[in-house]
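Visitor: I've got a model open here. Can you walk me through it?
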Amino acid sequence: MDSIHISGIRSYGYTGYLPEEQVLGQWFEADITLWLDLRPVGSSDAIADTLDYRQTIKTVENVIKTSKFALLERLATEITDTLLQQPLVEKVRVQLTKPAPPIPDFSGKIQIDITR
């Protein structure tokens, strides 16, 4: 199956388990893979026959910016469900990263990976 991969979407949001995360916010990063049939656009060279990447990026950024959930898993699910509503999309993979989680003595990242 064909796919489109968009990586490096960064947006500021207010999802987090700690109350201050939902007030102060933090950066999130998303990598998205969308599976769809690219044969029509491969022949037509018309944007109407494919997914508009700009809209997908805006959608992901908007979900991150406007959502307030306690858990990263919930935010990743919301992004996934929203992207699955786009025309032509048959399958979605969302890799959502919290690059600076407020965990004492931990300098790594946390990533949720959902495929539906």
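Predicted model: local features only at pLDDT ≥ 70, side-chain atom pairs only at ≥ 80, totals over all residues.

Visitor: What does the C-alpha trace span?

Guide: About 55 × 25 × 20 Å along its principal axes.

Visitor: What does UniProt annotate?

Guide: An unreviewed entry carries "domain: Dihydroneopterin aldolase/epimerase" over residues 4-116. UniProt positions are given in the numbering used here, feature names are shortened, and annotations may be inferred rather than shown by experiment. Over residues 4-116 the chain is 35% helix and 30% strand. The end C-alpha atoms there are 15 Å apart.

Visitor: What share of the chain is buried?

Guide: Buried residues are 39% of the 116. Buried means under 20% relative accessible area, exposed over 50%, partly exposed in between, with a 1.4 Å probe and protein chains only.

Visitor: Switching to helices. At what angle do α3 and α4 pack?

Guide: About 145°, with the axes 10 Å apart. Helix α3 is residues 53-66 and α4 is residues 72-84. Axes are lines fitted to C-alpha atoms, for helices over the stretch in contact, and angles run from 0 to 180 degrees between N-to-C directions.

Visitor: Which residues make the contact?

Guide: From α3, T56, T59, V60, V63 and I64; from α4, L75, E78, I79, T82 and L83. They divide into 6 nonpolar, 3 polar and 1 charged. Here Ala, Val, Leu, Ile, Met, Phe, Trp, Tyr, Cys and Pro count as nonpolar, Asp, Glu, Lys and Arg as charged, and the others, Gly among them, as polar. Contact means heavy atoms within 4.5 Å.

Visitor: Now I32. Where is it?

Guide: I32 sits in strand β2, residues 26-35. I32 counts as buried because its relative accessibility is 0%. Beyond four places in sequence, its contacts include V60, I79 and L83. I32 and T56 are 9.1 Å apart, C-alpha to C-alpha.

Visitor: And T15, buried or exposed?

Guide: Buried, because its relative accessibility is 1%. T15 lies in the loop between β1 (3-13) and α1 (19-24).

Visitor: Which residue's backbone nitrogen lies 3.3 Å from a polar atom of the T15 side chain?

Guide: That of F69. A polar contact is a pair of N or O atoms within 3.5 Å; within protein, one must be able to donate a hydrogen and the other to accept it, and residues adjacent in sequence count only if both atoms are side-chain atoms.

Visitor: How far is the C-alpha of T15 from that of L72?

Guide: 6.8 Å, though T15 and L72 are 57 residues apart along the chain. T15 also touches K98.

Visitor: Where is K98?

Guide: K98 is in strand β3, residues 91-98. K98 counts as buried because its relative accessibility is 9%. Its contacts beyond four places in sequence include T15, E21, L72 and K109.

Definitions and conventions
Residues numbered from 1 in each chain as written. Heavy atoms only, no water. Helix = DSSP H or I, 4+ residues; strand = E, 2+ residues; numbered from the N terminus.
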